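Hi there,

I'm passing on the structure we talked about, with some notes to read alongside it. Have a look at it first, then see what I found below.

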Amino acid sequence: MKIIKREKYLNRIIELNGTPDIKIITGIRRCGKSKLMQAYMEYLKSHVGNINIIFIDFMDLAYEEIKEYHALHTYVEEHYRAGKTNYLFVDEVQMCPQFELAINSLYSKGKYDIYVTGSNAFLLSADLATLFTGRYIEIPVFPFSFQEYCKYYEEISDKDKLFDDYVTKGGLAGSYVYRNENDRTNYIKEVYETIVTRDLVQKYALPDTLVLQRLSEFLMDNISNLTSPNKVSQLLTANATPTNHVTIGRYIKYLCNAFVFYDIKRFDIRGKKYLENSEKFYLCDSGIRYAILGSRNMDYGRAYENIVCIELLRRGYDVYVGKLYKKEIDFVAQRGSEKIYIQVSDNISGQETFEREVSPLLQIRDAYPKMIIARTRHPKYSHEGIEIYDIADWLLQE
């Protein structure tokens, strides 16, 4: 398989080199967590002197005998080298029951620079504060961006073709090695089904996977629509999958904790407060939607909106849906003191569509940048201070 150097993630880990925190690499299955860890170890070997790397991969049978937290602790201590900078890397850490007891003990000694990865269902963001009693920093990893996709297919120079393919193929790079379309989509289905029907069921001891499956498919089919547990439970019950809003609310949380979906809350721009009654959910990777649902109810505008949302999260923005009077702003993205208002559309060549997208942005009275991201196939231009980008160009610009 072709390997793409994921420089932004690698640089982020390099920034944290030597800090006392436990570094935890998180993300959906098959998004490249283990490859990133390996790339960082190679960097250390070639750029940092006088080091000792202790690497444990619990997928490798060579480490079968230390899949017990006392044994893990003993193994690491036996491989410590005084007088060197000791790095500890543990891949698929969840395969060692009660691993957190060993990691916390090793952390407390203050003599290891610790990095761990794990299956997304067993190393959830929501669980980290409970698992690790010491300081930790989470390094979220996403599937391939469009930039990375273009690097993988560098022999193709047609940007528009690359983008159209990326919308349906997505960023799970393990699927790219398959030449046959069925093989490629089956790979993505297996990744998805492992998360939904095995990882989450095992993690939370769920009695019935059907509701979870139907819920996930519903959210995929309703990307960018305002959604509430009550509404979803009513629709699923009406379609022969009986459930209730409490179960739906809990299962949505599980899917978001496992990085399958991201919940984006609504924010009243004028009143400067979050709105609690409903939110939007975006899928971690567009390729999963097409592998599971096919091209039914095809809506490129919503697909583009999903891609933009994930890209904003990938770039480190806090993202929410903006409400201004009775109009809606697709995204308000904040990163430190930076704020951007964004509308996303498929085709804005028609005057009516263009006016619909521009109108909410023109009503915002502050001086923060405003933009429309659409499939224009033209260079960037401006309209009354609003910057209008072709989506492929915008995805490639940073």
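Lys 23 stands opposite Tyr 115 in strand 4. The two strands that pair here are strand 1 (residues 22-26) and strand 4 (residues 113-117), in the parallel sense and over 3 bridges. Please keep in mind that this is a predicted model.

Zooming out, 5 strands form an open sheet with parallel pairing, in the order 2-3-4-1-5. Strand 2 (51-57) and strand 5 (136-140) are the edge strands, each pairing on one side only. From one strand to the next, the twist averages 15°.

Helix 1 (residues 7-15) lies across strand 1, strand 4 and strand 5, and runs at about 170° to strand 5. Helix 2 (residues 33-47) lies across strand 1, strand 2, strand 3 (85-91) and strand 4, running at about 160° to strand 3.

Helix 8 (residues 181-204) packs with helix 9 (residues 209-221) at an angle of about 140°, the axes being 10 Å apart. The two are therefore oblique to each other, and helix 8 passes helix 9 in a right-handed crossing. Helix 8 makes the contact through Tyr 192, Val 196, Thr 197, Leu 200 and Val 201, while helix 9 brings Thr 209, Leu 212, Gln 213, Ser 216, Glu 217 and Met 220. By class, that contact has 6 nonpolar, 4 polar and 1 charged residues.

Best wishes

Technical notes. Residues numbered from 1 in each chain as written. Predicted model: local features only at pLDDT ≥ 70, side-chain atom pairs only at ≥ 80, totals over all residues. Heavy atoms only, no water. Axes fitted to C-alpha atoms, helices over the stretch in contact; angles between N-to-C directions. Helix = DSSP H or I, 4+ residues; strand = E, 2+ residues; numbered from the N terminus. Parallel < 35°, antiparallel > 145°, perpendicular 65-115°, else oblique. Left-handed = near helix turned anticlockwise from the far one by under 90°. Contact = heavy atoms within 4.5 Å. Nonpolar A, V, L, I, M, F, W, Y, C, P; charged D, E, K, R; others polar. Pairing = 2+ DSSP bridges.
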